[in-house]
Amino acid sequence: MTKTGHPASPVPVAVAPEPVRPGAVRLGWLDALRGLAALTVAFHHGTARFTPSFHEDVLAWFDPGLAGVLVFFLVSGYIIPASLERTGSLRRFWISRAFRIYPLLLVALGAVLMLEAASVAVLPGSLGDAYDPLAVVTSHLTMLQDLLAVPSALTVMWTLSYEMAFYLLAVAFFTAGFHRRSTGIALGLTVGALVLAGTLPSMALAARAGVTPVVLGTAITVATAIALACSRNPGMRRAGAFLGGAVAIALLLFNARIPAWEGLIILAVMFTGTALHRAEQGQIRWRSAALTAAAVTGVACLLGMTRLNAWSPETTDWAVRRAWVSAVLVAAVVFAIGYALRHRSMPRILIWLGVISYSVYLLHPVVLVVLEEIVGRSPAHRPFLMFAFVAVLLPLSHLTQRLVEAPAQRLGRRLARRAEPSATPTRPPASRETPEPALASVGP
């Protein structure tokens with residue numbers, strides 16, 4: 001991807017996980033990974049503001065934000081399809097996703113608007129001047145803004161676009177009966193990234209038809225697709241699921257703000273997580289999952305080394321590529337370590353960090369802006385402000401998780417059960433302990 005803070009620099013992730021019981025060993029390793037990934041992303045952005053020289057020195061060799069985001073994407077891919085297949089109900093799936101993601105997202109966007117009204121700049125400079133307000137609002141409500149050629153109101157939100165694309169594709173494959181072919185899906189996306197690298201222009205649809213028409217058309221189509229997918233009529237359900245998947249692919253290939261190969265690699269990483277889950281459940285062979293993971297990792301490194309370029313005179317092509325490759329490899333190793341420890345109890349603090357990781361992810365840019373407004377901007381090295389940043393962020397995230405996320409999740413579960421009470425789990429009881437992350441990725 002590209003310059004720090006730009007959508008092409010995956011510092012994303014995640015939508016956060018469902019709160020888990022500290023004693024649930026199966027969940028502990030996933031929460032530990034989420035918590036560490038969220039802190040890594042916050043660290044990445046905090047050092048850019050308060051210890052800029054250290055930030056640049058690290059980024060010349062390793063992109064912490066990208067590594068954190070890729071861990072989130074792997075976790076999301078590992079668990080999201082399982083949450084869908086647990087009941088087999090598209091209606092329950094979409095209701096639970098909506099109540100998991102939107103409440104805190106709306107709070108974060110509300111905070112951004114209040115800061116802007118108070119003349120504290122948070123929004124990207126071009127967003128309020130160069131884009132139709134209707135397109136800005138509508139694109140963010142779909143969560144597909146980064147695939148609709150619209151800058152994110154909060155830079156970290158760009159990864160939510162790829163989470164939503166993953167949801168649409170997972171629903172389409174589930175409905176088509178292809179959901180257990182995760183290795184083939186991941187490898188297909190990887191081959192597509194390799195073949196199409198450098199051949200498809202970014203934001204092509206918006207350039208031809210205009211941003212606002214593409215945004216409005218997509219919003220109507222996606223809303224229709226989800227509504228049909230939630231229908232009780234099997235034919236309409238299939239039509240809605242396939243329509244949503246088709247929209248996701250079209251946007252990934254022809255209208256994303258980052259090159260198409262990057263978007264395809266992100267989705268391949270997520271479906272690699274799905275393949276690893278299937279291998280654990282005995283649905284596919286471990287050898288197939290391992291070879292798929294190796295192929296996706298290898299192609300991601302290869303494309304990073306050959307397609308990425310420096311974004312400013314202060315850096316070099318080699319530094320950017322080196323940081324990308326090291327981040328990809330570190331993310332793979334970290335996830336592998338977490339998986340190897342999945343049967344062990346995790347420290348309570350790591351589980352707690354996982355529970356609040358969505359709040360940490362979405363709110364840390366707002367905390368950074370407010371803190372910088374209070375102390376003033378400076379190119380000086382001010383590491384003590386990093387401690388102040390964390391000291392404010394973690395309690396705030398705990399508060400929003402308790403007051404916003406948890407009540408919304410409980411309400412979502414109740415509504416989902418009422419919407420389709422006949423839906424029954426299709427997996428063994430033990431799998432019900434699996435958490436449902438809001439979005440397993442965090443953005444830059």
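1. Phe389 is in contact (heavy atoms within 4.5 Å) with Ala42, Gly46, Phe50, His364, Val367, Leu368 and Leu371, leaving aside its neighbours within four places in sequence. The model is predicted: local features need pLDDT of at least 70, side-chain atom pairs count only at pLDDT 80 or more, and totals for chains, interfaces and linings use all residues. Residues are numbered from 1 along each chain as its sequence is written, and side-chain values use heavy atoms, with hydrogens and water left out.

2. Phe389 also belongs to the largest nonpolar core, which has 126 residues. Such a core is a set of buried Ala, Val, Leu, Ile, Met, Phe, Trp, Tyr and Cys residues joined through side-chain atoms within 4.5 Å; buried means under 20% relative accessible area, exposed over 50%, and partly exposed in between (1.4 Å probe, protein chains only). Trp94, Tyr162, Leu267, Leu362 and Phe389 have the most contacts inside this core. Helix H3 (residues 64–87) gives the most to the core, with 14 residues; helices are DSSP runs (H or I, at least four residues), numbered from the N terminus.

3. The structure holds seven salt bridges, each a side-chain nitrogen of Lys or Arg within 4 Å of a carboxyl oxygen of Asp or Glu. One of these joins the side chains of Glu85 and Arg278 (2.5 Å, N to O). The pair links distant parts of the chain, with Glu85 in helix H3 and Arg278 in helix H12 (residues 260–280), 193 residues apart. Glu85 is buried at a relative accessible area of 7%, and Arg278 is buried at 2%.

4. Asp146 and Arg257 meet through their side chains in a salt bridge (3.4 Å, N to O). This pair also links distant parts of the chain: Asp146 is in the loop between helix H6 (133–142) and helix H7 (158–176), and Arg257 is in the loop between helix H11 (234–254) and H12, 111 residues apart. Both residues are buried.

5. Glu372 forms a salt bridge with Arg377, the closest N and O atoms being 3.4 Å apart. Arg377 is exposed, at 65% relative accessibility, whereas Glu372 is buried, at 8%. A network of salt bridges links Arg49, Glu372 and Arg377.

6. Val191, Leu194, Val195 and Leu302 make a nonpolar surface patch of about 350 Å². Patches consist of residues with over 30% relative accessible area and no salt bridge, nonpolar side chains (Val, Leu, Ile, Met, Phe, Trp, Tyr) being joined within 5 Å. Helix H8 (residues 182–196) gives the most to the nonpolar patch, with three residues. Leu194 lies in helix H8 and is partly exposed, at 41% relative accessibility.

Notes
Helix = DSSP H or I, 4+ residues; strand = E, 2+ residues; numbered from the N terminus. Patch = residues over 30% accessible without salt bridge, like charges linked within 9 Å, V, L, I, M, F, W, Y side chains within 5 Å. Areas by Shrake-Rupley, 256 points an atom, 1.4 Å probe, with all protein chains shown as cover.
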